[in-house]
Amino acid sequence: MGIIFLLFIALASLTWLSTYGYLAILGGIVAVSPKSKTNHKFLPDIAIVVPVLNEEDLILSKLSDLEKIDYPGKCVSVLVVEGGSADRTAELVRKEIARGKKIQFVSLDKGRGKAEKVAHALTLLEEEIVVVTDTDARLEASCIRELVSLLGSDPQAAIVGASVEPQSSLVEERIHWRFLNGLWWLEGEALSAASFSGVCYACRRSKVMSLSKRAQAEDIHLSLLSGANGFHVRLGRKARTMELRVPQTLKQMIQFRRRRGAGYLAELRNSSTTAASSPGWRLARFMRLWHFLVTPKMAIVLAAFSLILLGTRYWPWPLFVFSVFALPLYILLFCSSLLKGEKNRWWKLPLALSRYLALTLMSMLTLHLNSQGQVPLGGRS
């Protein structure tokens, strides 16, 4: 039993270091790194690309949403790229153009995925700064200006992604995005190797023109490709967008996470380092593979060891290890605005957090069952 106890402690320590330890290292790098000022005077001409497919219910509200941004209108052009819609999407866009709206419209063959639409759009545009946004993204007025300003403050940045807030009553989904936004921001600031969501992001066209049309998800592919080529990828904390099409039930959430996770893992495995790849990008890629392939299995073994040790004189240790993992998450989320104003959040939050961790673990352990690696419409997280 003593050997099992030692293995349990060693495995718990390794798991803690690869999760909380990784976050602590990122936070420490950010704390000691010189802070760069966001260049709000950087307001070049930009193109906004909206890839669409069968979006008649959302396309008009999306075009209206873009009219509310606080970026100078004279510097903005909008390109809608449609991929063979079977509904009235193309008709509605053409009507808006006929009414005098400043919109360009391109219709491609049927069956074109989002990656192909974005890649095609990049070949048509002249603007160096391109913002890609989905029809179900509702942008804060300052979102695009914040994205472009961050690009202007970092000449080596190829892409800056927006922070995503899901329009969901499902607490687990909101926990998921709170965690991702924080992790991606830290990786971007500390390692210049953030991930981002395809819901909304800005890029330098010349640095991402090699986007593969066969990419399973253009956002994952672009973040890995840019980092592999030595460019920076960052996340804008002040560039906020709300995503409308998100899981509303636990069943939808696990299906969504599995599909997205399969696509993410496939892109990670297909990515490779180059001579230009920075140590930060190599570390970020290694840790992502570790978290997908190793951490879930360690968690299962830890759970099995805990059940064994609970019936022995070592019973306090599984409880202590559980508190070391759970308490920091609970305190962080409790002090955040996640459930601000809700009654009984002190007990609602731990239940939601437990469900979220269990669903995430289940999703990651069953990724292999989704061999196609398909991702949701738009390639979103």
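Helices (H or I, at least four residues) and strands (E, at least two) are DSSP runs, numbered from the N terminus. With that in hand, here are some notes on this model.

1. First, the ground rules. This is a predicted model, in which local features need pLDDT of at least 70 and side-chain atom pairs count only at pLDDT 80 or more, while totals for chains, interfaces and linings use all residues. Residues are numbered from 1 along each chain as its sequence is written, and side-chain values use heavy atoms, with hydrogens and water left out.

2. Start with Asp-65, which sits in helix α2. Asp-65 counts as buried because its relative accessibility is 8%; buried means under 20% relative accessible area, exposed over 50%, and partly exposed in between (1.4 Å probe, protein chains only). Which residues does Asp-65 touch, leaving aside its neighbours within four places in sequence? The partners are Ala-137, Arg-138 and Leu-139, where contact means heavy atoms within 4.5 Å.

3. Now the sheet. Eight strands make an open sheet with mixed pairing, in the order β3-β2-β1-β4-β7-β6-β8-β5; two strands pair if DSSP finds at least two bridges between them. At the edges are β3 (103-107) and β5 (137-139), each of which pairs on one side only. On average, neighbouring strands of this sheet are turned by 30 degrees against each other, direction ignored.

4. Strand β1 (residues 46-52) is worth a click: seven of its seven residues are buried. Ile-46, Ile-48, Val-50 and Val-52 point one way, Ala-47, Val-49 and Pro-51 the other. β1 runs parallel to strand β2 (residues 76-82), and seven bridges join the two.

5. The bridge partner of Ser-163 in β8 is Arg-240.

6. Two helices to look at against the strands: helix α3 (residues 89-98) lies across β1, β2 and β3, at about 150 degrees to β3, and α8 lies across β6, β7 and β8, at about 145 degrees to β6. For these angles, axes are lines fitted to C-alpha atoms, for helices over the stretch in contact, and angles run from 0 to 180 degrees between N-to-C directions.

7. How many of the eleven residues of α8 are buried? Ten are, so α8 is largely enclosed by the rest of the structure. Among them are Glu-218, Asp-219 and His-221, along with Leu-222 and Leu-224.

8. The axes of α8 (residues 218-228) and helix α9 (residues 250-270) come within 10 Å and cross at roughly 30 degrees. The two are therefore roughly parallel to each other; angles under 35 degrees count as roughly parallel, over 145 as roughly antiparallel, 65 to 115 as roughly perpendicular and the rest as oblique. Asp-219, Ile-220, His-221 and Leu-224 of α8 meet Arg-260, Gly-263, Tyr-264, Glu-267 and Leu-268 of α9. By class, that contact has four nonpolar, two polar and three charged residues (Ala, Val, Leu, Ile, Met, Phe, Trp, Tyr, Cys and Pro count as nonpolar, Asp, Glu, Lys and Arg as charged, and the others, Gly among them, as polar).

9. Then there is α1 with helix α11 (residues 295-309): the axes are 10 Å apart and the angle is about 145 degrees. On the α1 side the contact includes Phe-5, Phe-8 and Leu-11, and on the α11 side it includes Met-298, Leu-302 and Phe-305. What is the class make-up of the contact of α1 with α11? It has 13 nonpolar, five polar and no charged residues.

10. Also in helix α1 (residues 2-32) is Ser-13, which counts as partly exposed because its relative accessibility is 36%. The C-alpha atoms of Ser-13 and Val-321 are separated by 9.1 Å, though the two residues are 308 apart along the chain.

11. Last, some backbone checks. Most residues other than glycine have a negative phi. Asn-54, in the loop between β1 and α2 (59-66), has a positive phi of about 55 degrees, and at 40% relative accessibility Asn-54 counts as partly exposed. Ser-192, in the loop between α6 (171-191) and β7 (200-204), also has a positive phi, near 55 degrees.
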